[in-house]
Amino acid sequence: TYTLRDTIHLDIKFEERFFEIISTIEFQRLARIKQLSCEYLLFPTASHTRFSHSIGTYHVMKMLVARLEEALGKHGVEVSREQRDLALCSALIHDIGHGPFSHTFEHILGAGSHEEWTIRILKSQDTEINQAIVKNFGSKFLYKLVEIFEGEPKAQRDTIHMLIHQLISSQMDADRMDYLLRDSYFTGVNTGMYDINRLIEAVEIEKIGSGLQICVSEKYLSSIEEYVMARFYMHKEVYQHPLKRQLENVILKIFKRARELDREGRLDHKDELIEKILKKDVSLEDYLKLDDNILMYHISMWRYSSDYILSSLSKALIDRKKFQRYRDRSGQTLEDLLNKRLRDRGHQEVKWEEEYSYIKDQVKIPIYDIKNNNIWVRGKSGEVADITEVSYILKNMDFNKRFERTNEYYHRAMMEESFGKLLD
């Protein structure tokens, strides 16, 4: 076995066949992609990577599978080695398809989600990770692994396969269990902390009709509530933080402007790889060359661009010369105020969301999704119900309502360059 030391879970042990996956160039690329995109500009220590999260998710899955085996044993069901390996392997490589800047890059490239890229990477016989999996687990195993990432497994008749799928993608899965603790630690936001050992201990298997369902014991209800609320507060205070959202919008505007300049033949500092991104013509081979370093280098160079807009946007990200947040207690939006002042000067109104000097950002954050992947709680008498029907904290909430926040931002110098002084 091989051991990697982790800040969150301490020693994480790998059999050689799993460690060969980690040693592939596709997996090593994750060490050059930050877990939280540009969040480090807000929380200075949030510079951890997709690599550390992936090995952490593997470790959590190992604990979950051990608990699953114990719970299934009470029903006379045994987990095979292949099923165990599928769970561990899918947890380990679940983020292999992520690009730079996390989910923001999916909008920049416009060529599929990271899950779709994961499938392409796994299916390609030219990738080291494909070869490592086939060598150590077999080609049939690879086929079943791809099924997991394609959504609901085709082998729905395999009850254990379906249960493992829930541990990979649900409201209480190995992915979320790791990133909440990891992101909370590295940002210093303690509201993301919860007791992972009690949460895993709470996992049970209940027979419902002719099938089996993962649920949690009511005995540990307070630990489940803690986990649900931790996820909500991390979204509110970290993942959807106003400054992080602003900077991600700036990144999108940077590449929008670079794309315009490239079409006009006026883009400074570009190489063949960046040009392919701008033309949205990226092959799998190109995609696997991309990491945070590549894009940050180009954005850093674009600070010195002869184009004022591209230069200003790049400085807003690299040098943290951020946009200003509009605050007004009268209820008037910045968009309405700016258009009113344009009309007063005899000018036409502007579609501000298309302007580089303006950002409007809206977020809606749910506490719990009552319609998908429910968290089921088994009561003392054996009945199973959704957590919202059992929890004193959650049962009186209106889950059709979400926490909503709308912010407007402006870059004064860019705005004045294009429209003159519209703000006092």
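Student: Anything to know before we start?

Tutor: This is a predicted model, where local features need pLDDT of at least 70, side-chain atom pairs count only at pLDDT 80 or more, and totals for chains, interfaces and linings use all residues. Residues are numbered from 1 along each chain as its sequence is written, and side-chain values use heavy atoms, with hydrogens and water left out.

Student: Ok, which residues touch the most other members of the largest nonpolar core?

Tutor: Ile21, Met61, Leu92, Ile93, Ile133, Met177 and Phe255 do, in a core of 119 residues. Helix H3 (residues 50-73) gives the most to this core, ten residues. A nonpolar core here is a set of buried Ala, Val, Leu, Ile, Met, Phe, Trp, Tyr and Cys residues joined through side-chain atoms within 4.5 Å. Buried means under 20% relative accessible area, exposed over 50%, and partly exposed in between, with a 1.4 Å probe and protein chains only. Helices (H or I, at least four residues) and strands (E, at least two) are DSSP runs numbered from the N terminus.

Student: What is Leu92 in contact with?

Tutor: Setting aside neighbours within four places in sequence, Leu92 is in contact with Phe14, Phe18, Ile21, Ile22, Phe27, Ser54, Ile55 and Tyr58. Contact means heavy atoms within 4.5 Å. Another core, of twelve residues, lies apart from the largest one, and Tyr326, Leu337, Leu342 and Met415 are among its members.

Student: Leu337 and Leu342, where do they sit? Which residues of that helix are buried?

Tutor: They belong to helix H18 (residues 334-344), whose buried residues are Leu334, Glu335, Leu337, Leu338, Asn339 and Leu342. The cover over those buried residues includes strand S6 (358-365), strand S9 (403-410) and helix H20 (412-419). Just after H18, Gly346 has a positive phi of about 85°.

Student: Back to Met177. Why is H10 called largely enclosed?

Tutor: Twelve of the 14 residues of H10 are buried, so the rest of the structure largely encloses this helix. Met177 is one of those buried residues, as are Asp175, Asp178, Arg182 and Asp183. H10 (residues 174-187) reaches 20 Å from its first C-alpha to its last, close to the 20 Å expected at 1.5 Å a residue; that expected span is 1.5 Å times one less than the number of residues. Just after H10, Gly188 takes a positive phi of about 80°.

Student: Now the holes. Which residues are closest to the centre of the largest pocket?

Tutor: His103, Asp175, Arg176, Tyr179 and His235, out of 50 lining residues. The pocket's volume is about 1300 Å³, and helix H13 (residues 242-263) gives the largest share of the lining, five residues. On a 1 Å grid over the protein atoms alone, a pocket is an open set of points with protein on both sides within 12 Å along at least five of seven lines, a cavity is a set where a 1.4 Å probe fits but cannot get out, and lining residues have an atom within 4 Å of a point. Grid points are joined across faces, edges and corners, and a volume is the space filled by probe spheres set on the points.

Student: And how many cavities of 30 Å³ or more are there?

Tutor: One turns up in a search of the whole structure. The largest cavity has a volume of about 50 Å³, and its lining consists of Lys34, Ser37, Cys38, Tyr40, Leu41, Phe101, Asp292, Met296 and Leu317.

Student: Where is Leu10, then?

Tutor: Leu10 is in strand S2 (residues 10-14). Leu10 has a positive phi of about 65° although it is not a glycine, and at 44% relative accessibility it counts as partly exposed.
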